[in-house]
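Reader: I am new to this structure and would like to go through it with you. Could you show it to me, please?

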Amino acid sequence: MQSVQSVIKCKAAVAWEPNKPVTIEEIEVAPPEADEVRIKIVATSVCHTDLYHLFEGMHKDGFPVVLGHEAAGIVESVGSGVTEFQPGQIQILWEYCTIITLLEDPDLSFTQGDFSNAMSPLRSRLTCKGKKVYQFSGISTFSEYTVVKQINVTKIDPAAPLDKVCLLGCGICTGYGAAVNTAKVEEGSTCAVFGLGAIGLAAVMGCKNAGAKRIIAVDINPDKFEKAKVFGATDFVNPKDHDKPISQVLFEMTNGGVDYSLECVGNVGVMRSALESTIPAWGVSVIVGWTTLHDFSAPPGDLIAGRTWKGTMFGGFKSKDGVPEMVNAYMNKKLMVDEFITDNMTFDQINDAIEMMKHGKCIRTVLTFTE
Ligand SMILES: NC(=O)c1ccc[n+]([C@@H]2O[C@H](COP(=O)([O-])OP(=O)(O)OC[C@H]3O[C@@H](n4cnc5c(N)ncnc54)[C@H](O)[C@@H]3O)[C@@H](O)[C@H]2O)c1
């Protein structure tokens, strides 16, 4: 490692343009400025939101960019005004200043309603080949080092394995919190979860831990059902097996609709199906999946009947407190995390990890940096 306040040259995966593989480049990471923290990333994973930027949203103005927003690492140095985190020797930082990156700061993350504008090139602390590179969501964890606002990091139990709890930086907290914090699933209720990636599986786990008696897992990829069972799903529905609308299938299965539904796909058609799968009088449907490509719509009568349609960001967690609590729940064996990890790879294999997620071949792949 170079001296604490110098520019750090390190390896990062740069997405130069939409719809192309990322390339491993040497980048420069500037020292942290006021209220910023520079972090050595230890483990990171690919979330569908990274894929969304690369393959679906494809806003040309959002490139070049270093993607990645779900990670754990170690504080390397801090800017002025940072008191919560301490710079110092790497061994001490390993022990006491473990951090996890978060999508928390609205200024950095979503003010533009679009991940591509998360951090302007001027504010980015990353440069490659003389060019400023966007920091995805103001974070960019597909890099050996990154600089983030201190509000985007939180201390966790130093004993927690970073190559596991990195998943609590986004996916697991989002799905789990969507069920327990946003939907507020009640004991004995019936739930439906649409989409069984990490977000949806975590939502299943949230429904189960909240005491739901029936959890219907819906996905067009039946390979996901076995895993959903592990997290507590009781029924499995593949929309491709049915000619009628999926809301009707669920209506018939439950004799009137589910109490809670969670959309974890990012598809406005599925959002409407999820809403219409809930019981008219008191059903609650939560939009978790992300898209800016289309507006959602439904007949007003769907809501007038008494349903509630909500959205959730990061599962409604207050991240500074919520993430350490989730880490503790994992350490106390009250929360599954290992079960989400289907693959472990080195950072150089990042394009393989991206392709696997694109083709529904994994839940989460954890990428670690080799020295
Ligand atoms: N709200 C937030 O704070 C937040 C945070 C992180 C991710 N997200 C979003 O959550 C969504 C899920 O992320 P992920 O990482 O779990 O993705 P993923 O790609 O791993 O999983 C998506 C799942 O949806 C399934 N699916 C696709 N079309 C479907 C359909 N028509 N009906 C039923 N299932 C269908 C896929 O087979 C897959 O299993 C994405 O849109 C992501 O951007 C939101």
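Author: Arg 125 counts as buried because it has 24 C-beta neighbours inside 10 Å. The cut-off for buried is 20 or more other C-beta atoms within 10 Å of a residue's own, with C-beta atoms placed from the backbone. This is a predicted model, in which local features need pLDDT of at least 70 and side-chain atom pairs count only at pLDDT 80 or more, while totals for chains, interfaces and linings use all residues. Residues are numbered from 1 along each chain as its sequence is written.

Reader: Where is Arg 125 found?

Author: Arg 125 is in the loop between helix 3 (106-109) and strand 7 (126-128). Helices (H or I, at least four residues) and strands (E, at least two) are DSSP runs, numbered from the N terminus.

Reader: And which residues is Arg 125 in contact with, leaving aside its neighbours within four places in sequence?

Author: Those are Val 29, Ala 30 and Val 147, where contact is defined by C-beta atoms, placed from the backbone, within 7 Å. The C-alpha atoms of Arg 125 and Glu 28 are 8.1 Å apart, although 97 residues separate the two along the chain.

Reader: Changing topic: how many residues does the largest nonpolar core have?

Author: The largest nonpolar core has 106 residues, and Val 165, Val 193, Ala 203, Val 204 and Leu 262 have the most contacts inside it. Such a core is a set of buried Ala, Val, Leu, Ile, Met, Phe, Trp, Tyr and Cys residues joined through C-beta atoms within 7 Å. Helix 6 gives the largest share of this core, eight residues.

Reader: Why does this core lie between domain 1 and domain 2?

Author: It lies between them because domain 1 (8-155 + 337-368) and domain 2 (172-314) both give residues to it. The domain bounds come from an automatic or database domain assignment.

Reader: Which residues of helix 8 are buried?

Author: In helix 8 (residues 246-254), they are Ile 246, Ser 247 and Leu 250. These residues are on the same side of helix 8, because they cover an arc of only 105° around the axis. The arc is taken from the directions from the helix axis to the C-beta atoms.

Reader: What do the buried residues of helix 8 pack against?

Author: They pack against strand 11 (190-194), strand 12 (214-218), strand 13 (235-237) and helix 9 (268-276). Just after helix 8, Asn 255 takes a positive phi of about 60°.

Key
A residue is buried if 20 or more other C-beta atoms lie within 10 Å of its own, exposed if 12 or fewer, and partly exposed in between; C-beta atoms are placed from the backbone. Two residues are in contact if their C-beta atoms, placed from the backbone, lie within 7 Å.
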